[in-house]
Amino acid sequence: MPDNKKFFESLSGAGKAIAVLTSGGDAQGMNAAVRAVVRMGIYVGAKVYFIHEGYQGMVDGGDNIKEANWESVSSMLQVGGTVIGSARCKDFRTHEGRLKAAHNLVQKGITNLCVIGGDGSLTGANLFREEWSGLLAELLQQGLIDEEATQKYSALHIVGMVGSIDNDFCGTDMTIGTDSALHRIIEVVDAIMTTAQSHQRTFVLEVMGRHCGYLALVSALACGADWVLIPEMPPEDGWEEKMCQKLSATRSRGSRLNIIIVAEGAIDRHGKAITSSIVKDLVVRCLGFDTRVTILGHVQRGGTPSAFDRILASRMGVEAVLALLETNANTPACVVSLCGNQSVRLPLMECVQMTQEVQKAMDEKRFEDAVQLRGRSFQNNLRTYKLLAHRKPASDLPVSNFNVAVLNVGAPAAGMNAAVRSAVRVGISEGHKMFAVNDGFEGFCKGQIKEVNWADVGGWTGQGGSLLGTKRTLPAKHLDKIAEQMRKYNINALLVIGGFEGLECLMQLYEARTNYEEFCIPLCMLPATISNNVPGTDLSIGADTALNAIVETCDRIKQSASGTKRRVFIIETMGGYCGYLASVGGLAAGADAAYIYEEPFDIRDLQSNVEHLTEKMKTSIQRGLILRNENSNENYTTDFIYQLYSEEGRGVFDCRKNVLGHMQQGGAPSPFDRNFGTKISAKAMQWISKKLNESYRRGRVFANTDDSACLLGMRRRALVFQPVVQLKDETDFVHRIPKKQWWLKLRPLMKILAKYKTSYDVSDSGQLEHVVLNRSKASEATAAI
């Protein structure tokens, strides 16, 4: 890849016109995508146009196609739906309608289209592209355009972004809007659980998903639902009796409620619809339980977009503009997708055809094929749900005679409890005895260890903090006592769920193996910290919940200034020396700057930011947002920056400061963190089982190789087990951060969208790839979502 600056010059958008439209059903995050397309387009020198009301606006033309400027997209990041409007258009399905649309685009000089919508919208865009030269010839023949226009606008370039809350598009791990819809569903489920528990009720919740069960499946996984019904995998005949037995067994173990989630397109094996009312009547008739139905409906489409959707849409919007600038007459229409933690470009029609294959498989009752075609992520979600929700009879469980302990270390992080629940239930399913340790290694050396069973962790997924208790105590000073407790309880493997301290703990236990055979057992760590500062992983359990707390607060703070002109807010985030929360939170909240330790700054940078904000206040955008990581600089404190901005901005803007503090650690875990914790914990337990079997010799477990003490982390496109000893060289132990951090590449993106001139690293920008069925490791990475 050439030098970034030269590469950017070669991608100049001067003389180009880009139009952006949203089509089909709306989805939260579409506005963030529109904003990114507009601002990145203007940044590279292109003209950018809004097409209002989707394809209908393109056909009607006139004021529906308007040039956008920088201020046009201010204050839209936090708004749900799509502010440029969306409509389903019958006219565009006709040749005459597309001819009108082509004429309207040529009049504005537009030959680059960014389409945000579902598979129908993207298929229509591709057909439009294929017909383009013929449409121009017709317009020339009719005398509506001249020969020069035909030559000048001879090729139409299309890039798509998938906006759909159903996550029903093959080729991408997540579509824009899905995470926000999951937030709406989980908020409702959490609220319903409290009233259901009070009255010992069963609730049947119907969620969207006429042809795709993703929302139902993942929300069932996130809330620990007793039963889920989805169109891709209808229940076996006789499911009614099995479901009632399961609900009854849950009540007999002391639970006061049942939750059943039904996708609106749920069917049985014979294609007959299974509605929420059918399920309710069945439970009442067979069990006599007090049962209620809640149909969520369009609530799932509404509300503000989550932090994940804002970041996803912003990244995709920028990638879409880069893709348009690189196209030539022979480049096929592409769609910008998410694979693991990376943006990729895929041929649009390959994705559409794969999506249509899913529906074909369902119509032909090839349900196993339908699940497979949905991708590895969907399969893993289904497999994990079955593993955790349906307890096998004791007679069907393997007998391993292994004892596995699980504990939390470091500061609490939302999602820890979901990870513990998953570990306990998967461990029991694997035939192990599971032990829970209270208060980390401090509790371990005191013998605060007890066996836990399946029912003990019921209802844990939605609870924040750490129910086991967690401490920052490291094991080095207590090795004798810890070894003694391991002998006493015959612990054969250890799962540590925690932050940077968890990594240090595993390293200390690994190094102590030479003196203590008790530590020669499989050791695994799952990263769980809001700071996201653990080497060996791109994401940590808890970071998404903290980001949402920051973004929600920033939205409220910015709104508080809606009646007050010219105000700048300085907001301090947590994270230790790691600037992840400040940087990624800044991108999601639309910040003007984010000060972090990893990117040193001085008084000149502060002055430059003040000048930038002063210029900004002369426009219609009269609010500023600055984020500062708590340890970004020992001298340029939050108070110092506040006082500097107040003084330098005197007469132009006033200043307010806010320290967010521990609110970033609290609250119920986000859907992402619940599922990320659940999925990686299940994977870790399966790895532990494998290592236990491999290292069991002569009646005992003995594992002392490097690869028997690992951290499970997400690296780009894959979930990877990495020996902790190999992570030493990647770690800055003084500042407790990785030496290299992937998210630093997102910082120029935040600066570009805030109108700063900067260089943007395009080395990861996608070359066109191809849709591969079951990309082996790629979709495992975001199988957690």
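**Close-up views of a predicted model**

**View 1. E53 sits in the loop that links β2 to α3 (54-60).** Everything shown here and in the views below comes from a predicted model. Start with the backbone: most residues other than glycine have a negative phi. E53 is not a glycine, yet its phi is positive, at about 60°. Is E53 buried, partly exposed or exposed? Its relative accessibility is 34%, so E53 counts as partly exposed.

**View 2. D439 is another non-glycine residue with a positive phi, about 60°.** To find D439, look in the loop between β13 (433-437) and α16 (440-445). The relative accessible area of D439 comes to 24%, which means that this residue, too, is partly exposed.

**View 3. Seven strands line up in an open sheet.** Reading across, the order is β3-β2-β1-β4-β5-β10-β11, and the pairing is mixed. Which strands stand at the edges? They are β3 (65-67) and β11 (342-347); each has a single partner strand, so one side of each has no neighbour in the sheet. On average, neighbouring strands here are turned by 25° against each other, direction ignored. As a reminder for reading this view, strands of a sheet pair through backbone hydrogen bonds, either parallel or antiparallel.

View 4. With β2 (residues 47-51), β1 runs parallel, and four bridges join the two. If you want a spot to look for on that side, A19 has Y49 in β2 as its bridge partner.

**View 5. Strand β4 (residues 112-117) is largely enclosed by the rest of the structure.** How many of its six residues are buried? Six of the six are, and that is why the strand can be called largely enclosed. In a regular strand the side chains alternate between the two faces of the sheet. In β4, N112, C114 and I116 point one way, while L113, V115 and G117 point the other way, and all of them are buried. The strand also pairs with β5 (residues 157-162), in the parallel sense and over six bridges. Look for L113 in this view: its bridge partner in β5 is I158.

**View 6. Strand β12 (residues 403-409) is mostly covered as well.** Seven of its seven residues are buried. Both faces are covered, with N403, A405, L407 and V409 on one side and V404, V406 and N408 on the other. β12 and β13 run parallel and are joined by four bridges.

**View 7. Helices α5 (residues 119-141) and α12 (residues 348-363) cross at roughly 135°.** Two packed helices are described by the angle between their axes and the distance between the axes. For this pair, the axes come within 10 Å. The angle makes α5 and α12 oblique to each other, and their crossing is left-handed. Which residues meet here? From α5 come D119, L122, T123 and N126, and from α12 come L348, M349, V352 and T355. Sorted by class, the contact holds four nonpolar residues, three polar ones and one charged one.

**View 8. Helices α8 (residues 214-223) and α23 (residues 671-695) pack at an angle of about 80°.** Their axes lie 9 Å apart. With that angle, α8 and α23 are therefore roughly perpendicular to each other. V218, L221, A222 and C223 are the residues of α8 in this view, and they meet R674, N675, T678 and K679 of α23. The classes in this contact are four nonpolar, two polar and two charged residues.

**View 9. Y597 and S632 are 35 residues apart in sequence but 3.9 Å apart in space, C-alpha to C-alpha.** Where is Y597? It lies in the loop between β19 (593-595) and α21 (603-616). Leaving aside residues up to four places away in sequence, Y597 touches Y577, N629, N631, S632, H735 and I737. Even with these contacts, Y597 counts as partly exposed, at 28% relative accessibility.

Note on methods
Residues are numbered from 1 along each chain as its sequence is written. This is a predicted model: local features need pLDDT of at least 70, side-chain atom pairs count only at pLDDT 80 or more; totals for chains, interfaces and linings use all residues. Side-chain values use heavy atoms; hydrogens and water are left out. Buried means under 20% relative accessible area, exposed over 50%, partly exposed in between (1.4 Å probe, protein chains only). Two strands pair if DSSP finds at least two bridges between them. Axes are lines fitted to C-alpha atoms, for helices over the stretch in contact, and angles run from 0 to 180 degrees between N-to-C directions. Angles under 35 degrees count as roughly parallel, over 145 as roughly antiparallel, 65 to 115 as roughly perpendicular and the rest as oblique. A crossing is left-handed if the near helix is turned anticlockwise from the far one by less than a right angle, and right-handed if clockwise. Contact means heavy atoms within 4.5 Å. Ala, Val, Leu, Ile, Met, Phe, Trp, Tyr, Cys and Pro count as nonpolar, Asp, Glu, Lys and Arg as charged, and the others, Gly among them, as polar.
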